[in-house]
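Here is a short walk through one structure, taken one region at a time. Please keep the sequence and the 3D view at hand while reading.

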Amino acid sequence: MESLITAAARALEAGDPLGALNRVALRNDAPSLALRGIAMAQLGDLAKAKTLLRSAARAFGPREAVARARCVVAEAEIALVSRDLGWPTKTLAAARTTLEKHGDVANATHAGHIEARRLLLVGRLDEAERILAELGTSPLPPAPQVVRELVVAGIAIRRLRTKDARVALGRAAHAASLAGIPGLTAEVESTNRVLDTPAARLITHGNERPLLLEQVEELAASDALVVDTFHHSVRRRGTIVSLGTRPVLFALARVLAQAWPADVSREALMAGAFQARHVDESHRARLRVEIGRLRAKLKPVADVTATKQGFALTPRKTRQVMVLARPVEEKHAAVLAFLSDGEPWSSSALALALGTSARTVQRALDELARSNKVQSFGHGRARRWMTPPVPGFPTGLLLPGPLLKT
Amino acid sequence: MKRSAAEIIREYGPFAGVEAVHGVTYDGSHVWFASGDKLNAIDPDSGKVARSLDVAAHAGTAFDGRHLFQIAEDRIQKIDAASGKVLASIPAPGGGGDSGLAWAEGSLWVGQYRERKIHQVDPDTGKVLRTIESKRFVTGVTWVDGELWHGTWEGEDSDIRRIDPDTGKVLELLDLPAGTMVSGLESDGGDRFFCGGGANGNVRAVRRPRRGA
């Protein structure tokens with residue numbers, strides 16, 4: 001096409017963003033703006049990259065629909081990497097349709113993967129799976145193949161299907177070695193580490209031990225009565241009693257399960273469930289009521305029996321009671337869990353991912369920052385949060401190579 | 001203005017290691033095409049690559065009867081077709097926004113893509129002698145029998161058009177099928193055009209309409 005654009009695009013594809021910038025640094029035509037944007041993204045200046053790609057999309061003429069759609073996809077990828085999850089997804093979907101219609105399969109697939117990864121991050125697994133299904137199962141070049149397998153693995157991990165996750169990660173590792181992109185290999189490895197790092201703690205008979213994700217999966221299929229602090233439920237195999245909306249009942253169930261097979265005194269139950277410092281008669285009355293409610297709720301899986309001191313849990317059809325808890329239980333553990341992916345998050349993206357209000361997340365972040373558990377950089381809406389130490393900037397950035405071929 | 005559908009006679013390629021075709025020329029026996037870091041000569045009968053020269057080749061290609069001319073970054077390089085050695089270099093008139101290249105009547109003709117212009121350039125000094133305006137993004141440029149033809153690409157449409165070299169007025173137009181790109185253009189002096197296929201990495205032969213037919 002244009003000489004200098006061709007030369008700059010070739011430099012970018014060869015992994016030389018500075019070489020690309022050298023060629024188009026002073027030009028402001030649409031393809032140059034787009035190339036500069038991608039080069040800046042690869043150099044880690046995501047804010048500048050976003051501005052450049054947006055101006056490029058504007059600068060392309062109304063008839064250059066494919067070129068504009070590619071800019072939109074690149075901008076969406078930057079948004080994903082900077083955990084700007086509130087990015088308008090309709091724009092990305094429209095760009096994907098445009099690319100499909102014009103036969104740019106590679107970039108259309110790339111757009112689909114970006115959307116699937118966003119859905120995965122915010123926990124909308126069914127929708128992420130639907131997008132993968134739409135993209136089909138035809139063979140892909142190594143780099144996009146890695147991304148597809150990472151999404152498949154991510155969905156399997158969140159669905160507690162660790163075997164499927166390991167198979168997908170095996171395929172991802174193979175494709176990453178074919179692609180020869182270090183960032184991709186690193187991403188596969190870090191996802192693998194998730195499977196080899198304790199995902200939960202198991203508390204039983206007053207003892208506790210760490211559990212890998214695979215063992216959590218086994219537990220779900222086992223005969224034991226499990227008090228699950230992740231889902232605020234009490235379950236045995238397929239029978240699930242959800243106490244998500246009844247925190248007091250769940251707290252009682254947990255205290256009883258941790259003590260099992262021993263019983264728990266009324267004082268200990270009241271202290272554990274009501275957080276009451278001084279127990280009075282009104283608390284005793286309340287305990288009677290709550291135990292009655294808990295008994296009714298737990299009926300399918302367990303009984304709550306009165307003892308001389310207080311109460312005890314009696315599971316049905318099993319002789320095992322276990323509590324499944326987070327590896328580290330502290331306030332704001334859920335916020336820290338998201339931040340531990342090593343990427344910079346905006347507070348609004350965290351709120352989206354956690355399904356809570358931005359205000360709540362902001363309070364949690366401020367508290368965590370005071371104890372140096374999280375760090376922030378940037379100001380105002382561009383502010384991002386990470387867990388220290390700060391790992392190298394984005395590994396996830398795989399801007400589409402053939403962005404500027406035509 | 002006459003308008004008709006382009007008749008594609010033959011497709012060459014795809015070629016191993018070639019991602020895109022940036023320029024095309026014809027030396028009387030072989031079709032040369034620019035593929036980024038190489039100039040490749042194909043035998044138009046067998047369709048096979050006969051030889052390749054390792055030179056920067058980012059846009060248009062031309063042949064003056066003895067030398068190849070090739071746009072690389074923001075320069076036009078004069079290349080010895082036998083050895084591939086760069087003999088001389090002049091600045092490209094578009095400063096790197098250059099696309100097509102042709103040789104005719106002692107001048108080089110350079111398409112400036114997004115500026116929609118064709119410049120007549122002194123091949124020794126690079127001086128712009130005159131400029132013709134087109135209506136579309138200019139890709140390949142070629143002269144045959146005193147006719148100036150150029151390829152266009154804008155939006156998703158490509159065509160090959162003959163324009164009046166004095167006024168830039170479109171005299172004749174050959175439409176390519178939607179999504180088919182012309183990234184370089186050269187006449188064989190007879191009834192064939194050779195066109196680069198851009199990012200699809202092919203070279204196509206298109207029939208040139210007969211005069212008075």
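One aromatic cluster is formed by B:Y12, B:Y26 and B:F194. The model is a predicted one, and over all chains it holds seven aromatic pairs. In one of these pairs, the ring centres of B:Y12 and B:F194 are 6.5 Å apart and the ring planes stand at 55°, so the pair counts as tilted. The category for tilted pairs runs between the stacked ones, with planes under 30 degrees apart, and the edge-to-face ones, over 60. B:Y12 belongs to strand β2 (residues 8–12) of chain B, while B:F194 belongs to strand β20 (residues 192–196) of chain B, so the pair ties together parts that lie 182 residues apart in sequence. B:Y12 and B:F194 are both buried.

Another part of chain B to look at is a sheet. Four strands of chain B make up an open sheet, in the order β11-β12-β13-β14, with antiparallel pairing. Its edge strands are β11 (98–104) and β14 (128–133) of chain B, each of which pairs on one side only. From one strand to the next, the twist averages 20°. Between β13(B) and β14(B), the antiparallel pairing runs over five bridges. B:V121 has B:V128, in β14(B), as its bridge partner.

The loop between β12 (107–112) and β13 (117–121) of chain B contains B:R114. Is B:R114 buried or exposed? With a relative accessibility of 16%, B:R114 counts as buried, because the cut-off for buried is under 20%. Which residues does B:R114 touch, leaving aside its neighbours within four places in sequence? From chain A, the contacts of B:R114 are A:E2, A:D29, A:A30, A:P31, A:A59, A:F60 and A:E64. From chain B, B:F137 is in contact with B:R114. The side chains of B:R114 and A:E64 are also joined by a polar contact of 3.0 Å. To find this place in the 3D view, start from the loop between β12 and β13 of chain B and look from B:R114 towards A:E64.

A last point concerns the predictor's confidence. For chain B the mean pLDDT is 94, and 99% of the residues of this chain reach 70 or more. For the complex, the predictor gives an ipTM of 0.90 and a pTM of 0.79.

Technical notes. Residues are numbered from 1 along each chain as its sequence is written. Chains are lettered from A and ligands numbered from 1 in the order in which they are written. This is a predicted model: local features need pLDDT of at least 70, side-chain atom pairs count only at pLDDT 80 or more; totals for chains, interfaces and linings use all residues. Side-chain values use heavy atoms; hydrogens and water are left out. Helices (H or I, at least four residues) and strands (E, at least two) are DSSP runs, numbered from the N terminus. Buried means under 20% relative accessible area, exposed over 50%, partly exposed in between (1.4 Å probe, protein chains only). A polar contact is a pair of N or O atoms within 3.5 Å; within protein, one must be able to donate a hydrogen and the other to accept it, and residues adjacent in sequence count only if both atoms are side-chain atoms. Contact means heavy atoms within 4.5 Å. Two strands pair if DSSP finds at least two bridges between them. Axes are lines fitted to C-alpha atoms, for helices over the stretch in contact, and angles run from 0 to 180 degrees between N-to-C directions. pLDDT is the predictor's confidence in each residue, from 0 to 100. Rings of Phe, Tyr and Trp (its six-membered ring) pair if their centres lie within 6.5 Å; planes under 30 degrees apart count as stacked, over 60 as edge-to-face and the rest as tilted.
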